[in-house]
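Good morning, and thank you for coming. I would ask you to keep the structure on the screen in view while I go through it.

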Amino acid sequence: MDSWDTLYKWEWFRRPQWISHFRERKASLNESVASLARRRIGSDARVLDCSCGLGFHTVLFHEAGFQVSGSDRSSVAVSQARQLASSEGFAIRFFESSWADLADRISEPFDVVFCDALSGSPNRQEFEGALRGVRGAIRPGGCVEFRGAS
């Protein structure tokens with residue numbers, strides 16, 4: 001986790017370099033996920049970004065009109081995601097959780113779970129635990145959107 005925390009601290013330090021254009025960099029992926037969520041669930045879908053990192057996608061899902069929450073294993077990332085959302089004027093719930101623990105950390109399942117980092121699971125056991133946790137965080141009939149890192 002230390003290496004991810006170091007990366008998140010560095011990216012936050014570089015914030016002046018990306019703050020003005022993070023939306024453009026993430027727009028096509030977010031529109032793809034938003035389109036899927038609207039078709040499958042509706043425009044009022046509850047979305048969990050379970051690999052929120054600094055909160056880029058989470059903020060964009062919020063701007064698309066979804067009820068969104070963000071989670072990450074890194075407390076550093078969660079803290080910085082909260083700051084990003086707050087600086088944009090949004091009250092978005094962020095919480096710290098591993099993928100395996102997601103079902104235990106939420107009060108009710110989500111319609112859509114988005115993850116762009118699952119390929120980062122270091123071994124089969126953690127990967128399987130992550131899949132079980134994501135499955136437990138989604139309501140029956142909901143959908144999961146896995147993507148490569150963006």
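This is a predicted model: local features need pLDDT of at least 70, side-chain atom pairs count only at pLDDT 80 or more; totals for chains, interfaces and linings use all residues.

The buried residues are Phe-56, His-57, Thr-58, Val-59, Leu-60 and Phe-61. After the helix comes Gly-65, with a positive phi near 100 degrees.

Helix α4 belongs to a right-handed β-α-β unit, together with β1 and β2. Strand β1 covers residues 46-49, and strand β2 covers residues 67-72. The two strands are paired in the parallel sense, over four bridges. Within that pairing, Val-47 has Val-68 in β2 as its bridge partner.

Strand β1 also pairs with β4, again in the parallel sense, over three bridges. Here the bridge partner of Val-47 is Val-112 in β4. Both faces of β1 are covered: Arg-46 and Leu-48 lie on one side, Val-47 and Asp-49 on the other, and all of them are buried.

Five bridges join β4 to strand β5, residues 138-146, and the two strands run parallel. Between β4 and β5 the chain passes through helix α7, residues 124-136, in a right-handed β-α-β crossover.

Now to the aromatic rings. How many aromatic pairs does a search of the whole structure find? It finds one. The ring centres of Phe-61 and Phe-114 are 5.3 Å apart and their planes stand at 75 degrees; an angle over 60 counts as edge-to-face, so that is how the pair is classed. The pair links distant parts of the chain, with Phe-61 in α4 and Phe-114 in β4, 53 residues apart. Both of these phenylalanines are buried. A further ring, that of Phe-110, has Arg-46 over its face, at 4.2 Å from the ring centre.

Is Asp-49 buried or exposed? Its relative accessible area is 0%, so Asp-49 is buried. What does its side chain reach? The side chain of Asp-49 comes to 3.5 Å from the backbone nitrogen of Cys-52, and it makes a polar contact of 2.8 Å with the side chain of Thr-58. Apart from neighbours within four places in sequence, Asp-49 is in contact with His-57, Thr-58, Phe-61, Ser-69, Gly-70, Ser-71 and Phe-114. Both members of the aromatic pair, Phe-61 and Phe-114, are therefore among the contacts of Asp-49.

The other aspartate is Asp-111, in strand β4. With a relative accessible area of 11%, Asp-111 is under the 20% limit, and so it is buried. Its side chain reaches the backbone nitrogen of Arg-46 at 2.7 Å. The side chain of Asp-111 also makes a polar contact, at 2.4 Å, with the side chain of Arg-139. Not counting residues up to four places away in sequence, Asp-111 touches Ile-41, Asp-44, Ala-45, Arg-46, Ile-138, Arg-139, Gly-142 and Cys-143.

To close, I return to Arg-46. This residue lies over the face of Phe-110, and its backbone nitrogen is reached by the side chain of Asp-111. Thank you; I am glad to take questions.

Methods. Residues are numbered from 1 along each chain as its sequence is written. Side-chain values use heavy atoms; hydrogens and water are left out. Rings of Phe, Tyr and Trp (its six-membered ring) pair if their centres lie within 6.5 Å; planes under 30 degrees apart count as stacked, over 60 as edge-to-face and the rest as tilted. Buried means under 20% relative accessible area, exposed over 50%, partly exposed in between (1.4 Å probe, protein chains only). A charge sits over a ring if NZ of Lys or CZ of Arg is within 6 Å of the ring centre and within 35 degrees of the ring normal. Two strands pair if DSSP finds at least two bridges between them. A crossover is right-handed if, with the strands pointing away from the viewer, the path from the first strand over the helix to the second runs clockwise. A polar contact is a pair of N or O atoms within 3.5 Å; within protein, one must be able to donate a hydrogen and the other to accept it, and residues adjacent in sequence count only if both atoms are side-chain atoms. Contact means heavy atoms within 4.5 Å.
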